[in-house]
Amino acid sequence: MNGSVATQARLWLWQRVSAMVLGVCVLVHLAVIIHAVRGGLSAAEILARTQGSWAFGAFYTVFVLAAAVHAPIGLARIAEEWLGWRGLKVTVATHLFGLLLLVTGLRAVYGVVVP
Amino acid sequence: MTSNLKVKVWRGREEGDFATYEVPRLESQTVLDVVTYIQRRVDPSLSYRYACRVGMCGSCAMTVNGVARWTCRTHVSKVAKDGRLEIAPLSNLPVVKDLVTDMSEFFDKWARALGRFKGGTSRKDDFARVKPESLERRAVDAGIECIGCGACYASCDVVSWRPEYLGPAALNRAWTLVNDVRDTQRQERLGAVAGDAGCHACHTLATCTERCPKQLAPTAGIAGLKRLLARTKLEAEA
């Protein structure tokens with residue numbers, strides 16, 4: 001990523017913290033999947049569990065936010081080190097990707113939680 | 001111990017090729033002995049660098065069968081596969097000729113990491129007292145033993161992907177100095193080693209730690225710098 005050394009250091013910290021959040025989120029998510037697939041999986045069953053549930057809404061919103069922070073920072077590293085991208089190109093591409101994760105993720109949470 | 005070794009040695013600069021030499025296999029032979037034999041008995045035009053022969057100076061590091069090593073402290077018996085050796089210059093550094101690399105960038109990066117001690121006292125002041133058991137002193141017990149051979153730098157993938165990266169040796173040096181309570185440049189140094197050209201670029205691959213001929217752990221020092229920086233407020237300058 002670009003910007004000052006302080007920004008780069010801060011981004012590194014953001015990625016570490018978001019990774020910790022994701023670590024917990026992924027474990028909870030896996031537990032929910034294992035619980036949910038017992039005795040078949042249907043859209044109606046999922047919606048029955050999630051619709052109107054503030055707990056599910058809050059949990060998956062946090063999950064989406066953490067992913068939208070974590071993934072673009074990591075992708076910027078990959079673009080710089082493996083593709084040799086530098087400067088504005090990296091910033092724009094990764095910001096757009098982060099925005100995509102944020103919008104599609106929150107849209108999905110909205111879709112299954114709000115009745 | 002009468003058979004011959006087949007030794008491939010890099011000849012040329014960035015462009016070049018391996019030449020193959022036959023070298024008599026001797027007992028307790030080091031890779032440096034092999035290179036010296038070639039230069040003295042077979043081809044005097046071969047260029048390589050060494051000084052102390054006993055693992056103190058750090059000048060004889062080369063790539064032996066794909067791995068950066070001190071040639072003076074590497075026995076042939078440890079690395080030769082079926083009597084074959086491949087000796088190349090260190091990676092991640094420009095080749096001057098044959099096995100000699102240009103170390104300027106490597107040491108310039110030590111300077112960029114503010115790798116020089118700067119104290120705040122004069123000869124008129126009393127000696128500083130650093131307690132051997134203090135946390136700061138113990139944190140750098142190993143790190144201060146670095147002799148700057150460049151084996152870690154040549155082994156670091158991040159250096160090859162990101163040429164501006166300061167590298168394990170310079171960051172290890174910075175780590176020893178930020179823990180030196182007598183030094184007066186701690187804040188500036190932390191600024192110099194932060195960010196994408198500094199410690200935050202390290203992916204903790206730990207190849208430097210695996211390859212260090214002195215079994216030092218630059219990875220641990222770099223992680224220490226990251227931890228310190230997470231607690232330090234940097235000036236938001238470009």
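A pocket, as the word is used here, is an open set of grid points with protein on both sides within 12 Å along at least five of seven lines. In this predicted model, the largest pocket has a volume of about 320 Å³. The lining of this pocket comprises 17 residues, and those nearest its centre are His29(A), Val32(A), Ile46(A), Thr50(A) and Tyr60(A). Four helices of chain A, namely H1 (5–36), H2 (43–50), H3 (54–82) and H4 (88–113), each contribute at least two lining residues. The greatest contribution comes from H4(A), which supplies five residues.

Chain B may be considered next. Its 238 residues include a buried share of 45%, and its secondary structure comprises ten helices and seven strands. Along the principal axes, the C-alpha atoms of chain B occupy a box of roughly 60 × 40 × 30 Å. Of the contacts in chain B with a separation of 6 or more, 63% link residues 24 or more positions apart. The chain exposes about 12600 Å², of which carbon and sulfur atoms provide 49%.

Strand E5 (residues 84–88) of chain B is paired with strand E1 (residues 4–12) of chain B; the two run parallel and are joined by four bridges. Within this pairing, Lys6(B) has Arg84(B) as its bridge partner in E5(B). E5(B) is also joined to strand E3 (residues 61–64) of chain B, here in an antiparallel arrangement with two bridges. Opposite Ile87(B) of E5(B) stands Val64(B).

The largest cavity holds about 140 Å³ of space. It is lined by 15 residues, and Cys146(B), Cys149(B), Cys152(B), Cys212(B) and Leu216(B) lie nearest its centre. Helices H5 (151–155) and H7 (168–178) of chain B each give at least two residues to this lining, which divides into eleven nonpolar, three polar and one charged residues.

The second largest cavity has a volume of about 100 Å³. Among its 14 lining residues, Cys156(B), Leu205(B), Ala206(B), Thr207(B) and Cys208(B) are the closest to its centre. Two or more lining residues come from each of helices H6 (157–161), H9 (207–211) and H10 (218–230) of chain B. By class, nine residues of this lining are nonpolar, four are polar and one is charged.

Definitions and conventions:
Residues are numbered from 1 along each chain as its sequence is written. Chains are lettered from A and ligands numbered from 1 in the order in which they are written. This is a predicted model: local features need pLDDT of at least 70, side-chain atom pairs count only at pLDDT 80 or more; totals for chains, interfaces and linings use all residues. Side-chain values use heavy atoms; hydrogens and water are left out. Two strands pair if DSSP finds at least two bridges between them. On a 1 Å grid over the protein atoms alone, a cavity is a set of points where a 1.4 Å probe fits but cannot get out, and a pocket is an open set with protein on both sides within 12 Å along at least five of seven lines; lining residues have an atom within 4 Å of a point. Grid points are joined across faces, edges and corners, and a volume is the space filled by probe spheres set on the points. Buried means under 20% relative accessible area, exposed over 50%, partly exposed in between (1.4 Å probe, protein chains only). Contact means heavy atoms within 4.5 Å. Accessible areas come from the Shrake-Rupley method with a 1.4 Å probe; for residues, only the protein chains shown count as cover. Ala, Val, Leu, Ile, Met, Phe, Trp, Tyr, Cys and Pro count as nonpolar, Asp, Glu, Lys and Arg as charged, and the others, Gly among them, as polar.
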